[in-house]
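Please keep the sequence and the model in view while reading.

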Amino acid sequence: MNKIEELVERYPALAEQKDNVEMAFNIIKESYEQGHKLLIAGNGGSAADSNHIVGELMKSFELKRKIDDDLYKKLEESELYKEELLTSLQGALPTISLNNHESLNTAFLNDVNPTATFAQQIVGYGNTGDVFLGISTSGNSKNVVMAAIVAKAKGLKVIGLTGAKDSDLKKFADITIQAPETRTFKIQEYHLPIYHAICLSLEDYFFGNK
């Protein structure tokens with residue numbers, strides 16, 4: 001059983017979102033295959049979720065991850081810290097949480113526009129082929145929606161992770177996964193297993209049987 005089928009088995013209320021979860025996985029997978037990256041943003045608990053996802057993708061989640069062979073061979077030639085590096089480093093899927101840049105975010109908030117801080121980071125980080133994952137329980141968080149608008153303008157794919165109600169974020173997203181709840185804490189309780197299933201599926205695809 002794959003991770004998304006297991007998700008739906010454990011959380012039957014998500015059955016209607018299964019196709020959207022699978023499409024979101026495929027969008028991110030194809031972006032990584034082409035050498036691109038995932039950018040994520042959210043507010044409050046969704047900011048914590050953004051950071052959580054980075055932790056699952058940038059290091060081992062459930063599987064042992066080898067670094068690529070070329071890097072391994074170059075590190076074998078190092079005269080300093082070779083063994084420590086070779087035994088410590090793990091394969092990573094490049095992921096950035098836009099919540100984590102306090103100096104930039106507070107400077108932009110103070111000097112320019114507090115709701116455009118994520119959008120500004122899309123300007124700096126985003127490239128055609130990357131993916132932006134916007135997490136918003138309402139789907140109407142202005143700073144997340146503004147980032148999605150800029151992401152679309154720059155040629156990124158946009159994935160929304162929201163609650164049950166249709167929203168502004170859905171208007172700009174290629175795929176929107178809508179947790180079947182309207183109260184914030186209940187939406188968040190679904191968001192975690194959803195993104196865990198996607199992260200596990202990505203790890204299986206890129207590092208399974210290796």
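Angles over 145 degrees between two axes count as roughly antiparallel, and angles under 35 degrees count as roughly parallel. The model examined here is a predicted one.

## Helices packed in pairs

Two packed helices are described by the angle between their axes and the distance between the axes. The axes of H1 and H2 cross at roughly 150 degrees and come within 10 Å, and H1 and H2 are therefore roughly antiparallel to each other. H1 passes H2 in a right-handed crossing. On the H1 side of this contact stand Ile-4, Glu-5, Leu-7 and Val-8, which meet Lys-18, Val-21, Glu-22 and Phe-25 of H2. Sorted by class, the residues of this contact are five nonpolar, no polar and three charged.

H1 also packs against H10, at an angle of about 155 degrees and with the axes 8 Å apart, which makes H1 roughly antiparallel to H10. Here too the crossing is right-handed. From H1, the residues Lys-3, Ile-4 and Leu-7 take part, and they meet Pro-193, Ile-194, Ala-197, Leu-200, Ser-201 and Asp-204 of H10. The contact of H1 with H10 holds six nonpolar, one polar and two charged residues.

How are H3 and H10 oriented, roughly parallel or roughly antiparallel? Their axes lie 10 Å apart at an angle of about 20 degrees, and H3 and H10 are therefore roughly parallel to each other. The crossing of H3 and H10 is right-handed. In H3, the residues that make this contact are Gly-45, Ser-46, Asp-49, His-52, Ile-53, Glu-56 and Leu-57, and their partners in H10 are Gln-188, His-191, Leu-192, Tyr-195, His-196, Cys-199 and Leu-202. By class, this contact has six nonpolar, six polar and two charged residues.

| Helix pair | Angle between axes | Distance between axes |
|---|---|---|
| H1 and H2 | roughly 150 degrees | within 10 Å |
| H1 and H10 | about 155 degrees | 8 Å |
| H3 and H10 | about 20 degrees | 10 Å |

## The nonpolar cores

Which residues have the most contacts inside the largest nonpolar core? This core has 32 residues, and the two in question are Ile-194 and Leu-202. Among the elements that each supply at least two of its residues are the helices H1 (3-10), H2 (18-33), H3 (45-57) and H10 (184-207), together with strands that include E1 (38-41) and E4 (157-162). The largest share, ten residues, comes from H10. Leaving out residues up to four places away in sequence, Ile-194 touches Leu-7, Leu-14, Val-21, Leu-161 and Ile-177.

A second, separate core has 15 residues, and Ile-122, Phe-132, Ala-148 and Ala-151 are included in it. In helix H7 (residues 117-125), Ile-122 is buried, as are Thr-117, Phe-118, Ala-119 and Gln-121. The buried residues of H7 pack against E1, helix H6 (102-111), E3 and helix H8 (142-153).

The loop between H1 and H2 contains Leu-14, and Leu-14 counts as buried because its relative accessibility is 2%. The C-alpha atoms of Leu-14 and Ala-179 are separated by 7.1 Å, although the two residues are 165 residues apart along the chain. Setting aside neighbours within four places in sequence, Leu-14 is in contact with Leu-7, Val-8, Pro-180, Tyr-190 and Ile-194.

Tyr-11 also lies in the loop between H1 and H2, but at 25% relative accessibility Tyr-11 counts as partly exposed. Apart from residues up to four places away in sequence, Tyr-11 touches Tyr-190 and Pro-193. Between the C-alpha atoms of Tyr-11 and Ile-194, which are 183 residues apart along the chain, the separation is 9.6 Å.

Residues up to four places away in sequence aside, Ser-50 touches Ile-40, Ala-41, Gly-42, Ser-97, Asn-99 and Ile-135.

Tyr-81 lies in the loop between helix H4 (69-76) and helix H5 (82-88), and at 56% relative accessibility Tyr-81 counts as exposed. Its phi angle is near 60 degrees, a positive value in a residue other than glycine.

Key. Residues numbered from 1 in each chain as written. Predicted model: local features only at pLDDT ≥ 70, side-chain atom pairs only at ≥ 80, totals over all residues. Heavy atoms only, no water. Core = buried A, V, L, I, M, F, W, Y, C linked by side-chain atoms within 4.5 Å. Buried < 20%, exposed > 50% of the residue type's maximum accessible area, 1.4 Å probe, protein only. Helix = DSSP H or I, 4+ residues; strand = E, 2+ residues; numbered from the N terminus. Contact = heavy atoms within 4.5 Å. Axes fitted to C-alpha atoms, helices over the stretch in contact; angles between N-to-C directions. Parallel < 35°, antiparallel > 145°, perpendicular 65-115°, else oblique. Left-handed = near helix turned anticlockwise from the far one by under 90°. Nonpolar A, V, L, I, M, F, W, Y, C, P; charged D, E, K, R; others polar.
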